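Here's a friendly walk through one protein model, written for someone seeing it for the first time. Take a look at the structure, then read on.

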Amino acid sequence: GTGWPSFTAPVDADAVEEGDEEDALRLAREARRLSRRHGYRIGDRALFAVSEGKMLVRMGVPDEARPVLDDARAWCEARGLRGFGEWASTWSAAAQLMAGGDPHTPRDHLAATVRSMHDAGRRLELAAAAVFLAEACWRCGDEEGHDGACDLAYTTAEAQGTLAPVL
């Protein structure tokens, strides 16, 4: 081995793939704890923080997810970690949409995030971000923006070989 602890092993567990959200959340938090213990700040403050926030969104607790994701986004932006910051921004906006309220702020954040991901060729969370952008646009009454975001979500997911992010 490389001598590096395997921080990603807990998050790659079967629980994530099989839909056991509570176990996946526990594993993401454990990965953060291990990352912190080993001084792997990117794991703790970015990668696994976003995983934790994403699981909280999926579990339907947006008010718990937002502080985790907003902290991760700020930490990443302060260090120039654009990809991880985009992931945090995507899921924070999803949490905002889930919580209700004015959709304009999440729409604006998602539009900037999608543009940044697209321009940089970062595709991992692009389809999901585009789906959330489509929803935000729809809630804002922007049918053209909605349709464009839907098209982008579909073509991105199709190019990745799975439509799972758009379902």
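Helices here are DSSP runs of H or I with at least four residues, strands are runs of E with at least two, and both are numbered from the N terminus.

## Where the numbers come from

This is a predicted model, in which local features need pLDDT of at least 70 and side-chain atom pairs count only at pLDDT 80 or more, while totals for chains, interfaces and linings use all residues. Residues are numbered from 1 along each chain as its sequence is written, and side-chain values use heavy atoms, with hydrogens and water left out.

## The overall picture

So what is the chain built from? The protein chain has eight helices and zero strands. Reading from the N terminus, its elements go α-α-α-α-α-α-α-α.

Of the 167 residues in the protein chain, 43% are buried (buried is under 20% relative accessible area, exposed is over 50%, and partly exposed is in between, using a 1.4 Å probe and protein chains only). The chain exposes about 8,900 Å², with carbon and sulfur atoms supplying 50% of that; the areas come from the Shrake-Rupley method with a 1.4 Å probe, and for residues only the protein chains shown count as cover. Take the contacts (heavy atoms within 4.5 Å) between residues at least 6 apart in sequence: 52% of them join residues at least 24 apart.

## The nonpolar core

In soluble globular proteins, nonpolar side chains tend to be buried together. A nonpolar core here means a set of buried Ala, Val, Leu, Ile, Met, Phe, Trp, Tyr and Cys residues joined through side-chain atoms within 4.5 Å. The largest one has 36 residues, and V57, W91, L110 and F132 have the most contacts inside it. At least two core residues come from each of α2 (21-37), α3 (41-58), α4 (62-78), α5, α6, α7 and α8. Which helix gives the most? That's α7, with nine residues.

Setting aside residues up to four places away in sequence, F132 touches T90, W91, A94, L97 and L110.

## Helix α6, one side at a time

Helix α6 covers residues 104-120, and its 17 residues reach 24 Å from first C-alpha to last, close to the 24 Å expected. (The expected span is 1.5 Å times one less than the number of residues.) Its buried residues are P106, L110, T113, V114 and M117. They sit on the same side of α6, because they cover an arc of only 100 degrees around the axis; that arc is taken from the directions from the helix axis to the C-beta atoms. Their cover includes α5 (82-99), α7 (126-139) and α8 (143-160).

Beyond its neighbours within four places in sequence, T113 is in contact with E86, S89 and T90. The C-alpha atoms of T113 and G83 are 9.5 Å apart, though the two residues are 30 apart along the chain.

## Two aromatic pairs

The structure holds two aromatic pairs. Rings of Phe, Tyr and Trp (its six-membered ring) pair if their centres lie within 6.5 Å, and planes under 30 degrees apart count as stacked, over 60 as edge-to-face and the rest as tilted. F84 and W87 make an edge-to-face pair, with 5.2 Å between centres and 85 degrees between planes. Since they are three residues apart in helix α5, about one helical turn separates them. F84 is partly exposed at 21% relative accessibility, whereas W87 is buried at 19%.

The other pair, W91 and F132, is also edge-to-face, because the ring centres are 5.0 Å apart and the planes lie at 75 degrees. W91 lies in α5 and F132 in α7, so this pair ties together parts that are 41 residues apart in sequence. W91 and F132 are both buried.

E52 belongs to helix α3. Is E52 buried or exposed? At 7% relative accessibility, E52 counts as buried. Not counting residues up to four places away in sequence, E52 touches L25, A28, R29, R32 and V68.

In α2, the buried residues are A24, L25, L27, A28, A31, R32, L34 and S35. The end C-alpha atoms of α2 are 24 Å apart, which agrees with the 24 Å that its 17 residues should span. G39 follows α2, and its phi is positive, near 75 degrees.
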